[in-house]
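Work through the exercises below with the sequence and the model side by side. Try each task before you read its solution.

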Amino acid sequence: MSGYGRSHGAHLHTGNRKKTISFNVNFKYSTNMTEINQTTEWAALQSHWTEMEPLQMRDLFTENPERSEQMSIRQCGILLDYSKNRVTQKTLNLLLGLANAADVDGWRRRMFSGERLNNTENRAVLHVALRNRSNRPIWFDGEDIMPGVNAVLEKMASFSDSVRLGEWQGHTGKRITDVVNIGIGGSNLGPLMACEALKHYQDPALRLHFVSNVDASHLVETVKPLNPETTLFIVASKTFTTQETLTNAITARNWLLETLSDEAAVAKHFVAVSTNSEKVAEFGIDTDNMFEFWDWVGGRYSLWSAIGLPITIAIGMPAFYEMLQGAHEMDEHFLHADLSENMPVIMALLGIWYVDFAQAKTHAVLPYDQYLRFLPDYLQQADMESNGKRVTRFGRPVEYATGPVVWGTAGTDGQHAYYQLIHQGTQMIPCDFLIPVNSHNETDDHHKKLFANCLAQTEALMKGKTRKEARQEMEAAGLEADKIVDLLPHKIFPGNRPSNTLLIDQITPSRLGSLIALYEHKIFVQGVIWRVNSFDQWGVELGKQLAGVILEELMDKGKSNPHDASTKGLINYFHRHRKR
């Protein structure tokens, strides 16, 4: 493993080598593969957990003073210290053996080569092409897709520049002051997270807003303080038929026309990110102001595409290119670095270790940076929608745990909310602590206090507090003997609770790009090992289908469809208690 001072190059295969990524695109998904939990590598890890379970990380640090240096990787301005995990070098070797058994190396190459890894939808997985700043050819179905990618980026640059410079004006000739993105899922969470993360770089003359919930309160409260004459809406929907997005878009359109009273105004105040030009034109949006993306871009991986249009308006296209560059650098690292020194791979394997062998059910993402406050929300979709699967990519039920529940909040707020459970609760919760070394707001000693709190939590989770230490602490404080006896059980911290620490040089566009790509590849590796399709989301569909059926009954009291007694009773209650 690499130490603090060692940096793995982001361009390991440049110059005259690897100008074009080209692998075997005829890879067949074998249904005869041994299930991963039936491999000798899996069995070895199960046996190894029984060896590791009683060991204390305190002792591992005492036995090896160089543990933190040996268990750290620095890449793309990010230091990953994973030494506070319940692992030894033997553990890591066994986990790497599992990665080899699952052919992680082959799968990462297949993704970059444009194979249709999303086998249930027969789609490639090429979000890496969107940030391919080397511009070397990436082939899909015999065509280099980079010219198309670059053309959309140029269109985004031209449009975002016109809005930022005041050249794009509303129907009454006034410059745009507020931009409202209407989308849901990946069409909302990615741009929302990135705009908040890069707020330091935003033009204060332009305010960005995001509406996703079909609850009218979200849209109504968002537009209340806005002026229709100076508001631009971005409607983000690949098919332009997504129920929540279109409902909000139509209501926003009506809000605009209540003031401007001219259908022609829609074309000056609405643009679309979509592939359905017919529906876009029907809405009243000029198709020249429609930004396309492709089937090989999954929704939760789409902020790098035209879905990122709000980001380009917020921070400018040069900064967006920096963000793409940072992601590309992490892509290069992931594709070319040895698995044993590969940051996404190591994070993925540690997650597998806890979910499948230590029986951890959740994973906390804890960014100590207010700008990253929406990162846990973003990663919930990225991780849980990707790997929350109960069948393998071959359609067979899995016999082991797959995706954990991902959750978290920013900064010290969580310490005064749920950290009690992490420290002294009955379940193990692996954590990622993220913090920038340099803040954009170095006011007095705020950042040093924030940094101290972050590191203190990782140390406390690892070390805990023994019975002897708790007793000595209370004796030093002068507590009476009987009070010590009463309090002692409550003062003991078991410790030995795992965490990763990620130190980011600073939250810049490039480093944010690297960070997001890091987690994307971590999720991908875990999906490969669990042998699930990380790129479909059929579990979202059933609720949508049933919602359509129930909506008919809510709109027409006389309409009746078969339901269970509970659902039927709730529909009837709704009708009885509606005030209008």
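Buried means under 20% relative accessible area, exposed means over 50%, and partly exposed lies in between (1.4 Å probe, protein chains only). The model is predicted: local features need pLDDT of at least 70, side-chain atom pairs count only at pLDDT 80 or more, and totals for chains, interfaces and linings use all residues. Residues are numbered from 1 along each chain as its sequence is written, and side-chain values use heavy atoms, with hydrogens and water left out.

**Exercise 1. Cysteines**

Task: Find how many disulfides there are, and explain the state of Cys454.

Solution. 
- Step 1. Apply the cut-off, a pair of cysteine sulfur atoms within 2.5 Å. The count is zero disulfides.
- Step 2. Check Cys431. Cys431 is in no disulfide, and the nearest cysteine sulfur, in Cys454, is 11 Å away.
- Step 3. Turn to Cys454. Its closest cysteine sulfur, in Cys431, is 11 Å off, so the two are too far apart for a bond.
- Step 4. Cys454 is buried at a relative accessible area of 0%, and Cys431 is buried at 2%.

**Exercise 2. Strand β13**

Task: Describe the cover of β13 and its partner strands.

Solution. 
- Step 1. Helices (H or I, at least four residues) and strands (E, at least two) are DSSP runs, numbered from the N terminus.
- Step 2. Look at cover. Strand β13 (residues 499-504) is mostly covered, with six of its six residues buried.
- Step 3. Sort the directions. Ser499, Thr501 and Leu503 point one way, Asn500, Leu502 and Ile504 the other way, and all are buried.
- Step 4. Find the partners. Two strands pair if DSSP finds at least two bridges between them. β2 (residues 78-81) runs antiparallel to β13, with four bridges. β12 (residues 431-436) runs parallel to β13, with six bridges.
- Step 5. Leu503 is the bridge partner of Leu79, and Thr501 is the bridge partner of Phe433.

**Exercise 3. Two helices**

Task: Describe how α22 and α23 cross, and which residues meet.

Solution. 
- Step 1. Two packed helices are described by the angle between their axes and the distance between the axes.
- Step 2. Define the axes: lines fitted to C-alpha atoms, for helices over the stretch in contact, with angles from 0 to 180 degrees between N-to-C directions.
- Step 3. Apply them. The axes of α22 (residues 541-555) and α23 (residues 565-577) come within 10 Å and cross at roughly 35°.
- Step 4. List the contacts (heavy atoms within 4.5 Å). Ile550, Glu553 and Leu554 in α22 meet Thr567, Lys568, Ile571, Phe574 and His575 in α23.

**Exercise 4. Positive phi**

Task: What are the phi and the exposure of Asp103?

Solution. 
- Step 1. Asp103 is not a glycine, yet its phi is positive, about 60°.
- Step 2. Asp103 sits in the loop between α4 (89-101) and α5 (104-113).
- Step 3. Asp103 is partly exposed, with a relative accessible area of 29%.
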